[in-house]
Amino acid sequence: MMIKIGICDDDLKSAGLIQRYLEELEQKYQYKLEIEVYSSGEELIQDYEEGSGFDLIYLDIEMKQMDGIETARWIREHQYHMLLIYISSYDTYLKQLFEVEPFRFLQKPVSMEEFEPVFLKAVERIKEQKGEYFRFQSGRNMINLLCRDILYMESSGRKVIVHTINRTYEYYDKLDHVEEQLNGMRFVRIHKAYLVNMDNVEAFQYERLSLKDGTILNISEKNRPRIRSIFWNYCHGEETNGR
């Protein structure tokens, strides 16, 4: 299991220490970690907007320009369930941190004795969440999306377009393959071009359905009886099988 970790700290010595701790624990526990280091909140956000996703971010609070609290607010608006571990030389920020829901708080200077148990607890939480994520490679970036945030997948030529609540992503794949990956979850093939998240369906009609963002999608004629049955079972709390 690959774990993507960001370190955001304008103190290069502190950032380097966190990276060294992570590399030592990667060797000790045989984890696969992908680590990116940022010297500012702006740099982190820019990379995120270009498609980078993280399971965990170590975030310094006292940074020039965009501080850790402001950076965390932005992150929470765009990926609510990402784990954030805050690092600070002071404990005066604890009240503000409740607004952006920290996983843990570490006080500088951080020792390995304090760092290791917090990291291991974060890994446990990430493992619990992994089944709730859909992952794919888009260009140079590995994208991690919470399944609940996906509205639907669309086939377009050789690409799959992933429509989420906030934005869309494109990558090379076949919708048949995506359907297999998501087998057993709440995704239903309503058309050769559409794979829909039933949790985000707002209204259903025999020929079409509408999603929570207002998108209306047509149900192919051959699929209509099957989709009606699936939707009926879904509304009554029974198991949904997308096939």
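**Strands, salt bridges and cores**

Modeller: Strands β13 and β14 (residues 208-211) pair in the antiparallel sense, through 3 bridges. The model is predicted, so local features require pLDDT of at least 70 and side-chain atom pairs pLDDT 80 or more, whereas totals for chains, interfaces and linings use all residues. Residues are numbered from 1 along each chain as its sequence is written, and side-chain values use heavy atoms, with hydrogens and water left out.

Biologist: What makes β13 and β14 a pair of strands?

Modeller: Two strands pair if DSSP finds at least two bridges between them. β13 and β14 have 3 bridges, so they pair. Across them, A203 has S210 of β14 as its bridge partner, and F204 stands opposite L209 in β14. The two strands form a hairpin, with 3 residues between them.

Biologist: How do you know which strands lie at the edges of the sheet?

Modeller: The open sheet has 3 strands in the order β13-β14-β15, paired antiparallel. β13 (201-204) and β15 (216-218) each pair on one side only, and these are the edge strands. From one strand to the next, the twist averages 25° (axes are lines fitted to C-alpha atoms, for helices over the stretch in contact, and angles run from 0 to 180 degrees between N-to-C directions).

Biologist: How many helices and strands does the chain have, and what makes a stretch count as one?

Modeller: There are 7 helices and 15 strands. Both are DSSP runs, numbered from the N terminus: helices are H or I over at least four residues, and strands are E over at least two.

Biologist: Why is the contact of R20 with E24 called a salt bridge?

Modeller: The term requires a side-chain nitrogen of Lys or Arg within 4 Å of a carboxyl oxygen of Asp or Glu. The closest N and O atoms of R20 and E24 are 3.1 Å apart, so the pair qualifies. R20 and E24 are 4 residues apart in helix α1 (residues 12-29), and therefore separated by about one helical turn. In general, side chains of opposite charge can pair when their charged atoms come close.

Biologist: Which parts of the chain does the salt bridge of K108 with D60 link?

Modeller: K108 and D60 meet at 3.3 Å, N to O. K108 lies in the loop between β5 (104-107) and α5 (112-130), and D60 in strand β3 (residues 56-60), 48 residues away. Both K108 and D60 are buried. The whole structure holds 9 salt bridges.

Biologist: Why is S14 called buried, and what does its side chain meet?

Modeller: S14, found in helix α1, has a relative accessible area of 12%, and is therefore buried. Its side chain makes a polar contact of 2.9 Å with that of D9. The term denotes a pair of N or O atoms within 3.5 Å; within protein, one must be able to donate a hydrogen and the other to accept it, and residues adjacent in sequence count only if both atoms are side-chain atoms.

Biologist: What makes a set of residues a nonpolar core, and which members of the largest one touch the most others?

Modeller: A nonpolar core is a set of buried Ala, Val, Leu, Ile, Met, Phe, Trp, Tyr and Cys residues joined through side-chain atoms within 4.5 Å. The largest has 26 residues, of which L22, Y58, F115 and F119 touch the most other members. Helix α5 gives the most to this core, with 7 residues. Leaving aside neighbours within four places in sequence, F119 is in contact (heavy atoms within 4.5 Å) with I5, L22, L25, Y31, L33 and Y58.

Conventions
Buried < 20%, exposed > 50% of the residue type's maximum accessible area, 1.4 Å probe, protein only.
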